[in-house]
2 protein chains.
Amino acid sequence: MSDDRVLLAHGDGGQLMAELIESVFMSRLGTGEPPGDDAARLEGGGRFVFTTDAFVVDPIFFPGGDIGKLAVCGTINDLAAAGAGPLALSASFILEEGLLISDLERVVGSMAEAAEEAEVKVICGDTKVVPRGRADRVYISTSGVGAVPDGVNVSGAGARPGDVLLISGPVGDHGLAVLSRREGLEFDSEIVSDCAPLAGLVQALLTAAPDVHVLRDPTRGGLATALNEIARQSGVTIEIDESLVPVRESVAAACELLGLDPLYSANEGKMIVAVSESEAESALRALRSHGYGAEAAAVGGVLEESTGQVLLKTALGTHRILDRHVGDQLPRIC
Amino acid sequence: MSDDRVLLAHGDGGQLMAELIESVFMSRLGTGEPPGDDAARLEGGGRFVFTTDAFVVDPIFFPGGDIGKLAVCGTINDLAAAGAGPLALSASFILEEGLLISDLERVVGSMAEAAEEAEVKVICGDTKVVPRGRADRVYISTSGVGAVPDGVNVSGAGARPGDVLLISGPVGDHGLAVLSRREGLEFDSEIVSDCAPLAGLVQALLTAAPDVHVLRDPTRGGLATALNEIARQSGVTIEIDESLVPVRESVAAACELLGLDPLYSANEGKMIVAVSESEAESALRALRSHGYGAEAAAVGGVLEESTGQVLLKTALGTHRILDRHVGDQLPRIC
């Protein structure tokens, strides 16, 4: 049955759709019970966060992951960047008529794996089917609800002069991995996406260094864009030292070849941390002691000025403004 | 500037995207503040529900609504069907390159209007752009978090023998409205979608009749499919009387002409209610006293048997099984 394909009729709320949901989705993501109510239940109290993302990555399978893993990790990481542990995820699928059911099964399997690693469940979902040529195989929108532990107060607006900036590992892997697969490029060593759920990493970090001020996962637009957002939201000036930013050799070489900048290339398993100087050491240690943060580094800090800009100290010792880029670097990277 | 169009570069996380978000989305849905963190904050305690839906309706504008109104109402109604008032919504957009910005503005404006009516905000969102021919103008996925008041216990599995079944108004309007616009059909009287946010209607209902057992909004697959879901989840037999189900004359005539069945046609502003016999009268009165329930009717009840089936008593007095339909009635209706 491995060449079964998605039909338009899989999307119209009838019997075929119910079968698809039970055989593909519920068997992997759910409890094995037939689909029930349209809203799933949650209980609790306190501070919650809510986030959503659409995923349209092209191609849907790439070295290190696929659109399913990406959709779950992206949402978990947005919750983690708010200092929150994931409570529940939702997933809604837009399927192109003709999609191989086996490809869909693989994607949903990846979602289940990533969710399990982060100890969270996809508790509600939806599926629509559109005719051939009205989508590109599969698009997924995931949303997540997370709980913020007492005492945790992180925000993009929280950076303060004197804070130290950490990055949890080498930057640019995801963007280059997707691009190289999309364009059929071959490099000496395969570039693999860093796509990973960072709930555990952030939990370890916040336990070791409760005075973290900012967490942000530098996805679309990369490290440079995320730092610009932080500088602007916090009303501070950020300075980073180019020579301290970890970049894999393979990624640097591929960027060189393609005329790209790893600082603007997407990451899907990295976290930027702004932390008070007094806790910077223990924060870095906590990151490095976790599998997803082994190559973490301190890359700069927050200055006294408040220009809302990011300054890059280049390898030559000069300074330049590291802008948000204007359009058109890498579309459909997530 | 009314012929401005969405560019691929609007979707890549850079400056153009930030401008689009501020000028189109934040100005209508948000506080006017620049976009901040990737997760939005909520506070509270108790029982919550979480739901998600993807919207791919074709065409995106139809009599009585558009994809934006639909996306917000659909999510509010899924929360309402769980007995919950909406706390927060999220929206993620997949835009096709070339979409008119003015069309996007109109869609987002409709979302803001529907959300305002239900006294809820879209607190987080995401936007992706795909190349021409990889989507159909705009797809929207909305998720919602709702709070369930103490004492409310509704579920698709809650129907009990003796319950009375109500429907909050005439069925089939939305499906026929979308289909007639899509196919360019002209009828004597225009058929208008019933698309509406039902948070207020359900609140009025639950205040008047706290012993409501089931609420369900009969969207894709229509009344027949939703009743089948309830019968199956609750393990009961449901009987409805065809002559009691309200159907507008214009909808009935169009269905006749097109060979469609209004019982399987989608609704986007109707609620099915199963309520104990003792509260059926007050429940019906509460529905009818609300603008969106003025034409509510009792259409049948739950029998002693437990076949998981729905029986239709026809106008001729005979009985037949009202099945979930198998595929292919009306694709892309929501």
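Let me start at the interface of domain 1 of chain A and domain 2 of chain A: one salt bridge is found across it. This is a predicted model, so take every value as computed from it.

The bridge first. A:Asp58 pairs with A:Arg182, and the closest N and O atoms are 3.8 Å apart. The cut-off is 4 Å. Polar contacts next. Seven residue pairs are in polar contact across this domain interface, both residues at pLDDT 80 or more.

Which elements carry the domain 1 side? In chain A, β2 (61-62), α2 (67-81) and α3 (101-117) each give two or more residues to the side that touches domain 2. Helix α2(A) gives the largest share, nine residues. By class, that side of domain 1 has 13 nonpolar, four polar and four charged residues.

Now the bounds. The domain assignment puts domain 1 of chain A at 37-147 and domain 2 at 164-321. In the contact, domain 1 of chain A places 21 residues and domain 2 of chain A places 23 residues. Their centres, over C-alpha atoms, are 24 Å apart.

How much area is buried between the two domains of chain A? About 1700 Å², with 65% from carbon and sulfur atoms. Three residues stand out on the domain 1 side. A:Pro63, A:Asn77 and A:Ala81 supply 31% of the area domain 1 of chain A buries there, more than any other three residues.

On to the chains. Chain B puts 75 residues into the contact, and chain A puts in 76 residues. The buried area is about 6000 Å², and carbon and sulfur atoms give 52% of it. In chain B, the residues losing the most area to chain A are B:Asp12, B:Phe50 and B:Arg220, together 13% of what that side buries.

There are six salt bridges across the interface of chain B and chain A.

Which element gives the largest share of the chain B side? Strand β1(B), with 15 residues. By class, the chain B side divides into 29 nonpolar, 26 polar and 20 charged residues.

Last, the aromatics. Over all chains, the structure holds four aromatic pairs. One of them is A:Phe25 with A:Phe93, tilted, 4.5 Å centre to centre and 45° between the planes. This pair links distant parts of the chain: A:Phe25 sits in helix α1 of chain A and A:Phe93 in strand β4 of chain A, 68 residues apart.

Technical notes:
Residues numbered from 1 in each chain as written. Chains lettered and ligands numbered in written order. Predicted model: local features only at pLDDT ≥ 70, side-chain atom pairs only at ≥ 80, totals over all residues. Heavy atoms only, no water. Domains from an automatic or database assignment. Contact = heavy atoms within 4.5 Å. Buried area = accessible area lost by both parts, 1.4 Å probe. Salt bridge = Lys/Arg side-chain N within 4 Å of Asp/Glu carboxyl O. Polar contact = N/O pair within 3.5 Å; in protein donor to acceptor, adjacent residues only side chain to side chain. Helix = DSSP H or I, 4+ residues; strand = E, 2+ residues; numbered from the N terminus. Nonpolar A, V, L, I, M, F, W, Y, C, P; charged D, E, K, R; others polar. Phe/Tyr/Trp six-rings, centres within 6.5 Å; stacked < 30°, edge-to-face > 60°.
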